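Here is a short briefing to read alongside the model. Keep the viewer open and follow the topics in turn.

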Amino acid sequence: MNKKLFIPGPVDVRPEILQAMSTPMIGHRSKDATILQQNISKNIQKLFYTKNPILLSSSSGTGLMEGSIRSLTAQRAVVFSVGAFGDRWHTLAQSNNIPVDHVTVEWGNPTMAETVDKYLSTGKYDVFTVTHNETSTGLMNPVKEIAEVRKKYPDVLWLVDAVSSMAGVKIEVDKLGIDVCITSTQKAIGLPPGLSICSVSENALEHAKLVKNRGTYFDLLELYKYVVKKPFQYPSTPSLPHMFALNKQLEYILNEEGQDNRYARHIEMAKITRNWVAENGFEMFPKAGFESNTVSAIKNTRGISVAELNKKIGELGYVISNGYGNLKEKTFRIAHIADRRVSELEELLSILTETIKTL
Ligand SMILES: *Cc1c(COP(=O)(O)O)cnc(C)c1O
């Protein structure tokens, strides 16, 4: 049975989009492919609120995370991590021999602007990374405050993981001054997994020239050169099915649903979930004020068996996520993301209420 996915990716994909995935192939060096990419780029710029060039990578988001930290760190990177996906930046840097410092918090807490200020003021770094929405802890970081302190250090490149929030939460890349903003298709955008997207600033592209070993497949400069020189093409064969689908979904997000409506729907779903949490004797996991609008991480204060709960709701055609890693059974997560409708979330929550009574 197909289960309705309330997990933070992959997400359920609209039937029209699944259909667009099976569009007959075109040559990836053809004029049609160029037009397709130009269209996608133009609309991604709108989605990201940026004038920066857009790069696509036929990989999941981790590919561009690795590519960006590797192609842009000439000196030393500092990773501000608030959970498992923040830690991933650190692993990626270390495994690529990139000098890196790892700043962590107790899970559930955010990256505070003062902390960023303290580290950047040392002058040791040319790159710093922040997770916009930490999926393991259901937390959104205060990027506006971070953007404020970062203004003192315009030359330190700012890399943001917006994998589980872009297109569900308004992230104004240029206003915030983000140099590289990364997302992938299987989260708030509402596509199948397999393509990742980033915007990259001119500053970052200039800085990349100082880095000797940028790799090949994920080298941002290499990707960019093709976009410019062979207008809107890529060094290797991109996932055309994803591009057909992304093109269609962007038209939907921008022109049918509308960006502001989409963000409002995510806020509404997050609020409904938080109310359910309070009414049912649970608590939110992240520190108050930092709860995510796309994925709610909930403390299992009632000590229910999350595995059992998921098994039972699975029989009814629904699935949620257990806690991440060490938080398994201590927390559980409900994703309200992408094209999920408010009514579908309400359905799930009432099923959860009833099922929990039977545990
Ligand atoms: C899912 C996720 C990733 C990893 O993305 P992939 O597309 O699976 O590589 C990174 N960061 C966050 C915050 C995520 O939620």
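The notes below go from domains to sheets, then to a helix and a few single residues.

This is a predicted model, in which local features need pLDDT of at least 70 and side-chain atom pairs count only at pLDDT 80 or more, while totals for chains, interfaces and linings use all residues. Residues are numbered from 1 along each chain as its sequence is written, and side-chain values use heavy atoms, with hydrogens and water left out. The protein is divided into domain 1 (4–9 + 258–356) and domain 2 (24–255), with bounds that come from an automatic or database domain assignment.

**Domains**

- The C-alpha centres of domain 1 and domain 2 lie 27 Å apart.
- Their contact (heavy atoms within 4.5 Å) takes 24 residues from domain 1 and 33 residues from domain 2.

**The seven-stranded sheet**

- Helices (H or I, at least four residues) and strands (E, at least two) are DSSP runs, numbered from the N terminus.
- Seven strands form an open sheet with mixed pairing, in the order β2-β10-β9-β8-β5-β3-β4; two strands pair if DSSP finds at least two bridges between them.
- β2 (54–57) and β4 (100–103) each have a single partner strand, so one side of each of these edge strands is left without a neighbour in the sheet.
- From one strand to the next, the twist averages 20°; axes are lines fitted to C-alpha atoms, for helices over the stretch in contact, and angles run from 0 to 180 degrees between N-to-C directions.
- Helix α3 (residues 61–72) packs on this sheet and touches β2, β3 (77–80), β5 (127–131), β8 (157–161), β9 and β10. The direction of α3 makes about 160° with that of β9.
- β9 (residues 180–184) and β10 (residues 196–200) run antiparallel and are joined by five bridges, with Ile182 opposite Cys198 in β10.
- β3 and β4 run parallel, joined by four bridges, and Val79 stands opposite His102 in β4.

**Buried positions in the sheet**

- Buried means under 20% relative accessible area, exposed over 50%, and partly exposed in between (1.4 Å probe, protein chains only).
- Both faces of β3 are covered, with Ala77 and Val79 buried on one side and Val78 and Phe80 buried on the other.
- Thr129 is found in β5 and counts as buried at 0% relative accessibility.
- Leaving out residues up to four places away in sequence, Thr129 touches Ile69, Val78, Val79, Phe80, Trp89 and Leu159.

**Cysteines**

- The structure holds zero disulfides, a disulfide being a pair of cysteine sulfur atoms within 2.5 Å.
- For Cys181, the nearest cysteine sulfur is that of Cys198, 8.7 Å away.
- Cys181 is buried at a relative accessible area of 0%, and Cys198 counts as buried at 1%.

**Helix α4**

- α4 (residues 84–95) has 12 residues and reaches 16 Å from its first C-alpha to its last, close to the 16 Å expected at 1.5 Å a residue. That expected span is 1.5 Å times one less than the number of residues.
- Ala84, Phe85, Gly86, Trp89, His90, Leu92 and Ala93 are buried in α4.
- Asn97, which follows α4, has a positive phi near 60°.

**The five-stranded sheet**

- A second open sheet, also with mixed pairing, has the order β1-β13-β14-β12-β11.
- β13 (residues 318–322) and β14 (residues 331–335) pair in the antiparallel sense over two bridges, and Arg333 in β14 is the bridge partner of Ser321.
- Helix α12 (residues 306–315) packs on the sheet, touching β13 and β14.
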